[in-house]
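Take a moment to look over the fold below. We will walk through it one piece at a time.

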Amino acid sequence: MMRWYLILAFVGCSACSRSAESKAPISGADVPRKSFAISDTNGDGFISHSEWAAEETRAAAVIPPVNRKEYIGSLESIFKRFDLNADGRISLKEWLARASRTPR
Ligand SMILES: [Ca+2]
Ligand SMILES: [Ca+2]
């Protein structure tokens, strides 16, 4: 359960930190899709591990150093969970499949 809390905080944080730049208001239904687009920084339709790692680093910057290693470890395990076919990148389909199963 803790992991899901972390991913939600992580994704929510990414979305709000860049929403000022994009100007487009983020509606509730679009959040998983938009957060995917934000993490897919080169826009190739996949979140590669290096793109995910960049997000990890950015997200971890606000975490106290004492908890940072554990936090990054959690994000790593989330990446593996999202990567359903284990090809080392997350497709939008994989992302949405996982995001839609996220308990509130
Ligand atoms: Ca990409
Ligand atoms: Ca994959």
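Which residues in helix H2 (residues 31-39) are buried? They are Ser35, Phe36, Ile38 and Ser39. Buried means 20 or more other C-beta atoms within 10 Å of a residue's own, with C-beta atoms placed from the backbone; 12 or fewer is exposed, and in between is partly exposed. These four cover an arc of only 160 degrees around the axis, so they sit on the same side of H2. Helices are DSSP runs of H or I with at least four residues, strands are E runs of at least two, and both are numbered from the N terminus.

This is a predicted model: local features need pLDDT of at least 70, side-chain atom pairs count only at pLDDT 80 or more, and totals for chains, interfaces and linings use all residues. Residues are numbered from 1 along each chain as its sequence is written, while chains are lettered from A and ligands numbered from 1 in the order in which they are written.

Now find H3 (residues 49-60) and H4 (residues 65-82). Their axes come within 10 Å and cross at roughly 150 degrees. H3 and H4 are therefore roughly antiparallel, a label for angles over 145 degrees. Which residues meet there? His49, Trp52, Glu56 and Ala60 in H3 meet Arg68, Tyr71, Ile72, Leu75 and Phe79 in H4. Contact here means C-beta atoms, placed from the backbone, within 7 Å.

Finally, follow the chain past H4. Ala86 lies in the loop between H4 and strand S2 (89-91). The phi of Ala86 is near 55 degrees, a positive value in a residue other than glycine. Is Ala86 buried or exposed? Ala86 is exposed, because 7 other C-beta atoms lie within 10 Å.

Methods: Axes are lines fitted to C-alpha atoms, for helices over the stretch in contact, and angles run from 0 to 180 degrees between N-to-C directions. Angles under 35 degrees count as roughly parallel, over 145 as roughly antiparallel, 65 to 115 as roughly perpendicular and the rest as oblique. Two residues are in contact if their C-beta atoms, placed from the backbone, lie within 7 Å. The arc is that of the directions from the helix axis to the C-beta atoms.
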